[in-house]
Amino acid sequence: MSNLQSSNASSWRVIKFGGSSVTHPDHWQIIGRRVTETLDAGLCVVVVVSALRGVTDLLQAQFDTDTRQPAKQVSEEIAVRHRRLLDALELPGDVLDEPLAELDQLLGEVGDDSPPAQARLLAMGEILSSRLGAAWLAGQNLPVQWLDSREALVASDDPRRGQRAAYLSAQCLAQPDPALRQRLSRRGPALIMPGFVAANIRGETVVLGRGGSDTSATTLAALLEADRVEIHSDVPGLFTADPRRIPTARLLKMVSYREAQELAAMGARALHPRSLLPVHQQRIPLWLRQTDRPDIDGTRITPEARDHGAQVKAIVQRKHITLVSLEGIDMWQQVGFLADVFAEFRELGLSVDQVSTSESNVTLTLDPGANLTDADTLDVLRQRLERHCRVEIRTDCATVSLVGLGIRTILHRLGPALEVFEQRRIFQVSQAANDLNLTFVVESRHADRLVQQLHQQVIPGGVGGDSVFGPTWEQLFRHETGQTPRRRWWETDRERLLDLVEGRDCAYVYHLDSVRAAARRLRALKAVDRVLYSMKANPHPDILRALVAEGLGIECVSLPEARHALAQVENLTPADLLLTPNFASRAELLEARDAGLRLTVDNSYILEHWGSDLAGREIFLRLDPGSGLGHHKMVRTAGSHAKFGIPLGDIERVRRLAEAHDIRITGLHAHTGSGILHPDNWHRTLATLGEAARELPDVAVINLGGGLGVPDRHDMQPLDLTALDAGLAQLRHELVRPVQIWIEPGRYLVSEAGVLLARVNQTKGKGDVRYVGIATGMNSLIRPALYGAWHEIVNLSRLHEAGDHVYNVVGPICETGDILGLDRLLPQCREGDVMLIANTGAYGAAMASRYNLREPAAELILDDQR
């Protein structure tokens, strides 16, 4: 039994549970525990509940002649749902007899479709669920009483809003009410009331419209000056994107009221934007939680949210947007033009969302969530607007928005990410006056992909001490989908690794069986004819030999790389290599030609000025498809800001230059970036190069490049090779002629096979920040400093101990940027412990240096076949 607070207590907390929460019998145990915990904390509590899932929809359907069902059938259906829950909770069957009888009566009066009649019927869903909840909580020996929300929430009377809005989308006063606070305190320490339902000043039933239950909770909290509001639903809070579409979306742990309002208005489904106003005005914290996952802290919307500076917090989209474009030269400087136009929208009850203007055009959007935008309404709108100007209406649009504080101040940092729009039609760009969003109106069919691309490039990865971004949806819910984290080779071989590094301060270790396994996965792709290894990722001789033995060729970016491969791999010939240099010297190209290497040309300058050197030869062309992808701007290798490739618009000129020197263009190549985990990147590349091949009749090979991503964290989903293969197979049938398809990955083949081991030298604490300093740093692994790359870091010596300290992992190099990992949750680290940095088989040792004259980590091989 809880330590119950006396009934004259004055501190209140409001806890709201959504329809999915109150529908499931097991959830009522959770609701009961939350009530007990709140009372034990010395607070009074009001529980606000929604109707059982689907009940309000059933009632709403009765007011539409197309969906109306016989009153008796609806009444029985609702009664069955509630009695089923009564039985599951072992409550008497007569608990709801009175409200069910009232429901019967109201359903029988459905012929009266006036707003007051609709409000009375729609209120019954919440009245039923709250009466049921009051009976169950009281049966658990909790001092809970039912509160009719019409006694607490009073709707304001504004004749300008019209009768329909006054009854079906009512707005309640939300100023502190000491008298109500005292009155409810006398009722008892715990109350449960229906959400969504209020009364007007005449005592008539009204409802609060969309998001009404959330708004009921926050309005009551403002009236009672509650210490906080909790909204429990089937999601744990706000995410950086819709997690149903982007499993790598991260939970937002703490946001400001303004950011939350913007996210809600832009389509985040965890709460309704109307519900934020009461708590914002009274500076009451609002916590979003998931009912059946109390272990997840959720999202806190609070005045104490720390100022994190300008930062994009989320990428959101809204579909089914209607775009209205008004065109006319005579609108320029015409007094009252906009007033006349907006009057037409007002007359039709249409609320305009976004507006942009120029001298001869006004473009605006209508959000279907706030408007009736059926074909008949839009036809009438068009006829009315055509009295003023030319009109174009599109109904197949979507908005894609970047949301966060201070968007204007970071536009320069967002520039590379916005290249994802380069090949998309943009109808409107809008930068919010409150500096909280940057919104693009695009074709609906592109919205999902654009959100994915923007999220990948703009939202930071990582875990640990970040106070804004929490875990990903995958990390939170993988157990519910039957997914288990992949066991990494270094977890299995922990003891062997510790033995290998005995007597050393640091070392790279490469696991050749992992290299071979990655090669076999790619060789199994049916739509790919040849796989080359991009050896710049890691030119270690044992890795080259292992991959050539698996049937791979070698892709080089310099003549020294080609010489190295030919010297280290027995029986490797120049025909097995592809050379793709960038801004190389003429002498290097001549030597490559004389060595018999196949050459990829990525600059028309070579053909224009040195074309005679390649006369009579076959070459590949590296084309720039126009936009690049990747986890960092420095690994995006296409687009106007990348130095690689020949623009698509130069193909005809290059073709003429090649013909002039009797050079045959037999292959096309493109490489858009690195770390890409979406298979449609290569599908688009094949489609683009396939179109280019129409102009080049000798093309027999299309090389899609590399960039195949490797998950940074072990609980992320890997690249879907099955989807990649299927898409390529489908697209190759649409090509102008049969060609071979090549790929040339590097990191995919070797990254997960490599780890960097380094001993702990020292630890340090500076205020709240802890550092663990290891024996090597950016001299061995520069990717975190250069690219902002995220690598998993574990204490291999204490691999099975729980993490209870947040550390910054740093190296010994005399540079502020010598940071290998920020905010890593690790067990307490001690001098001599062996730290492991994962996914370092690619671009680790290959990019190492002797900066500070410190030797980089040695390279060791772990080969189970020896």
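**View 1. Strands β1 and β2 run side by side in the parallel sense, joined by six bridges.** Two strands count as paired if DSSP finds at least two bridges between them. Helices (H or I, at least four residues) and strands (E, at least two) are DSSP runs, numbered from the N terminus. Look for W12, whose bridge partner in β2 is C44. With β7, β1 also pairs in the parallel sense, over four bridges, and here F17 has H232 as its bridge partner. This is a predicted model, in which local features need pLDDT of at least 70, side-chain atom pairs count only at pLDDT 80 or more, and totals for chains, interfaces and linings use all residues. Residues are numbered from 1 along each chain as its sequence is written, and side-chain values use heavy atoms, with hydrogens and water left out.

**View 2. Both faces of strand β1 are covered.** In a regular strand, side chains alternate between the two faces of the sheet. Which residues of β1 lie on each side? W12, V14 and K16 are on one side, and R13, I15 and F17 are on the other. Six of the six residues of β1 are buried, where buried means under 20% relative accessible area, exposed over 50%, and partly exposed in between (1.4 Å probe, protein chains only).

**View 3. Eight strands build an open sheet with mixed pairing.** Follow the order β3-β4-β2-β1-β7-β10-β11-β9. At the edges stand β3 (144-146) and β9 (254-255), each with a single partner strand, so one side of each has no neighbour in the sheet. Helix α2 (residues 25-40) packs on this sheet and touches β1 (12-17), β2 (44-49), β3, β4 (190-194) and β7, its direction making about 155° with that of β2. Contact here means heavy atoms within 4.5 Å. Axes are lines fitted to C-alpha atoms, for helices over the stretch in contact, and angles run from 0 to 180 degrees between N-to-C directions. Helix α9 (residues 178-187) lies across β1, β3 and β4, at about 75° to β1. Elsewhere in the sheet, β7 (residues 229-233) and β10 (residues 286-290) run parallel and are joined by five bridges; I231 stands opposite L288 in β10.

**View 4. A salt bridge links D227 and R13.** A salt bridge is a side-chain nitrogen of Lys or Arg within 4 Å of a carboxyl oxygen of Asp or Glu. For this pair, the N to O distance is 2.6 Å. D227 sits in the loop between α10 (212-224) and β7, while R13 belongs to β1, so the pair ties together parts that are 214 residues apart in sequence. A search of the whole structure finds 46 salt bridges, and R34, E37, R228 and E230 are linked in a network of them.

View 5. K72 is exposed, with a relative accessible area of 61%, and E76 is partly exposed at 43%.

**View 6. Helices α21 and α22 cross at roughly 70°.** The axes of α21 (residues 541-549) and α22 (residues 559-568) come within 10 Å. That makes α21 roughly perpendicular to α22; angles under 35 degrees count as roughly parallel, over 145 as roughly antiparallel, 65 to 115 as roughly perpendicular and the rest as oblique. P541, L544 and R545 in α21 meet H564, A565 and Q568 in α22.

**View 7. Helix α6 is mostly covered.** How many of the eight residues of α6 (residues 115-122) are buried? Seven are: P115, P116, A117, Q118, A119, L121 and L122. These buried residues pack against α3 (55-61), α5 (97-108), α7 (124-139), α8 (162-168) and β6 (205-207).
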